[in-house]
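Dear colleague,

Please find below the structure that I am handing over to you, together with its sequence. My notes on its aromatic rings follow.

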Amino acid sequence: MQTRSGISLLITLFFIIAITAAVGVSLSHIQESRANLHETRFMLQSAAIVEDIMTVLKEGDKLGIVSDTDSLSLFLLSAGFIPLELKELLVKIEISSAMGRININSLSRTKPFEEGLLAYMAQKNVQDPYYMVDLLDDCMGGYKNVYKTNIFDEMPELYRERIVSKRHLDKIIDFYIKERHDHAVAEIDWNALIRYDDNNATAIDANYVTAPLWQLMLPGLDDEQAIALSDAGGSYYSLKDLQLSPDEEIALNKYKLTYFEPVVRVDIVVLENNTTAHIAFDYDISKKKGNHFEFGI
């Protein structure tokens, strides 16, 4: 236990020191050559912060930080949230697993997901869950000869290859509400259920599955059981560790449940006076590659 605590402290100190140093150097250079427009300078600062954080993540393997289920859990516990204050900037960095949610873009390829989502939405009093699934399906897989809904008649500019972000999903939800006059779909905690990944990505890390997603994958699971499964995350190495009934194991076997997926979600909030930037991206630790970047001011 003392060894684990020492490693935890080392990881935390390494990330705080490395990120503070890297971000501080970049910002000092930017401050020296201030842009005339505040927004332009602020965007440059935010971009520099993202670049520095990715550099620190790439160099993190020098300490052998993440190599298995235990070390990933320890890393996320230790370096999950880092607040930094640099001159007039406040930077908040949150790192979590990106793989504890199901990929919304695998909906049309994963029948159990579709069935589970329909049941989950019905449980949450969504009036027409089938229409909502049709809307989601229309927004994946590119251009089609025939669509199930009229969403592109009213929003032809909407991206059709896949659902790329919460902002994209919100537009689909708003269209559903307008068509069905049903706000229940907006009350679902979609952030706890889904992620936005490539169409063929179906893996889910059991160690970071949220309580709502447990209930989607295992219809009939009560709140207490779902919370218990989620709270025990970080200690799962196989299906048996979940201690489920035979029927529940069969249900989960329909999903691509794994127990070590070294992909993290990095959320960065940069605040300066009355301006706020939010940047988020996924980072694959094994491939040392970031993707699915979202940037908003």
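Rings of Phe, Tyr and Trp are taken as a pair if their centres lie within 6.5 Å. Please note that the model is a predicted one. By that criterion, a search of the whole structure gives three aromatic pairs.

One of them is formed by Y131 and Y176, with 6.1 Å from centre to centre and 35 degrees between the planes, a tilted arrangement. This pair links distant parts of the chain, 45 residues apart: Y131 belongs to helix α5 (residues 129-138) and Y176 to helix α7 (residues 166-180). Y131 is buried, at a relative accessible area of 9%, and Y176 is likewise buried, at 0%.

Another of the pairs joins F281 and F293. Their ring centres are 4.9 Å apart and their planes meet at 20 degrees, so this pair is stacked; the cut-off for stacking is an angle under 30 degrees. Because F281 lies in strand β8 (residues 275-284) and F293 in strand β9 (residues 289-296), the pair ties together parts that are 12 residues apart in sequence. F281 is buried, with a relative accessible area of 0%, whereas F293 is partly exposed, with a value of 43%.

Charged side chains also sit over rings. The charged end of R180 is placed over the ring of Y131, at 3.8 Å from its centre; Y131 is also the residue that pairs with Y176. Elsewhere, R160 lies over the face of F152, 4.0 Å from the ring centre.

Yours sincerely

Terms used: Residues numbered from 1 in each chain as written. Predicted model: local features only at pLDDT ≥ 70, side-chain atom pairs only at ≥ 80, totals over all residues. Heavy atoms only, no water. Phe/Tyr/Trp six-rings, centres within 6.5 Å; stacked < 30°, edge-to-face > 60°. Helix = DSSP H or I, 4+ residues; strand = E, 2+ residues; numbered from the N terminus. Buried < 20%, exposed > 50% of the residue type's maximum accessible area, 1.4 Å probe, protein only. Lys NZ or Arg CZ within 6 Å of the ring centre and 35° of its normal.
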